[in-house]
Amino acid sequence: MSREQIAPTKSNLIRVKERLNTALEGYDLLEQKREILVMELMRQVEQVKILERDLDARVAVAYPCLKRMLVVVGREKAEKLSANIRYNFDLREKRVTAAGMSFPGLEIKLPRAELKYSPANSFAECDETVLEFFSLLKILTDLAAVRTIAWRLAREVRKTQRRVNALEKMVIPVARETKTYIESALEERDRDSFFTSKLLKRKAGKG
């Protein structure tokens, strides 16, 4: 393992020890953060699975309903009835807190389903189809919102994991190696100084 190319002095040893302690503390905090993020990500993924199952179930009802409506009303008349139907959907970004962090999420407000055509031209199949697709749209918007949070959490997990890896595989080992090197060099220097001092005393005693 490589070490920092610095002089083996006591002041550098103090600085390296401080960096090592900071790196170890940072590693522990990032590990805790990563675990919390992973747990929250798993919770969001489970929510996505539930919504996807709900979506499949709703699609299995909504599209046959649409087909029945087209058979009863006819495609041409259905197009005429829907020509004047307009809904405004309120889509905006909102902050969502997950795993103690704030993420940009989606908030979608659906308008209330209304009968836009005249009662004389109304068919039960039309009303049923509108309501079914509004339910389908609600699940889709909920799913989009949850997936957005899950995607952002996954990105944060990857970012945190990269930082953990950098500390574990680079910063901490280099600091430890540098600390060991400086301590060894200082100990060797102290031994040399000790033996030199003893030799000088012996020579002084003989003199």
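Which residues does E156 touch, not counting residues up to four places away in sequence? Hold that thought, everyone, and welcome.

First, this is a predicted model, where local features need pLDDT of at least 70, side-chain atom pairs count only at pLDDT 80 or more, and totals for chains, interfaces and linings use all residues. Residues are numbered from 1 along each chain as its sequence is written, and side-chain values use heavy atoms, leaving out hydrogens and water.

Now the overall picture. The protein chain has three helices and two strands, that is, DSSP runs of H or I with at least four residues and of E with at least two, numbered from the N terminus. From that end, the order is α-α-β-β-α. Its C-alpha atoms fill a box of roughly 130 × 25 × 25 Å along the principal axes.

Back to our opening residue. E156 sits in helix α3, residues 124-206, and touches K33, L37, M101 and F103; contact means heavy atoms within 4.5 Å. E156 is buried, at 11% relative accessible area. Here buried means under 20%, exposed over 50%, and partly exposed in between, with a 1.4 Å probe and protein chains only.

Next, the rings. Searching the whole structure gives one aromatic pair: Y63 and F133, edge-to-face, with 5.2 Å centre to centre and 70° between the planes. Rings of Phe, Tyr and Trp (its six-membered ring) pair if their centres lie within 6.5 Å; planes under 30 degrees apart are stacked, over 60 edge-to-face, the rest tilted. Because Y63 lies in helix α1 (residues 10-73) and F133 in helix α3, the pair ties together parts 70 residues apart in sequence. Y63 is partly exposed at 42%, as is F133 at 24%.
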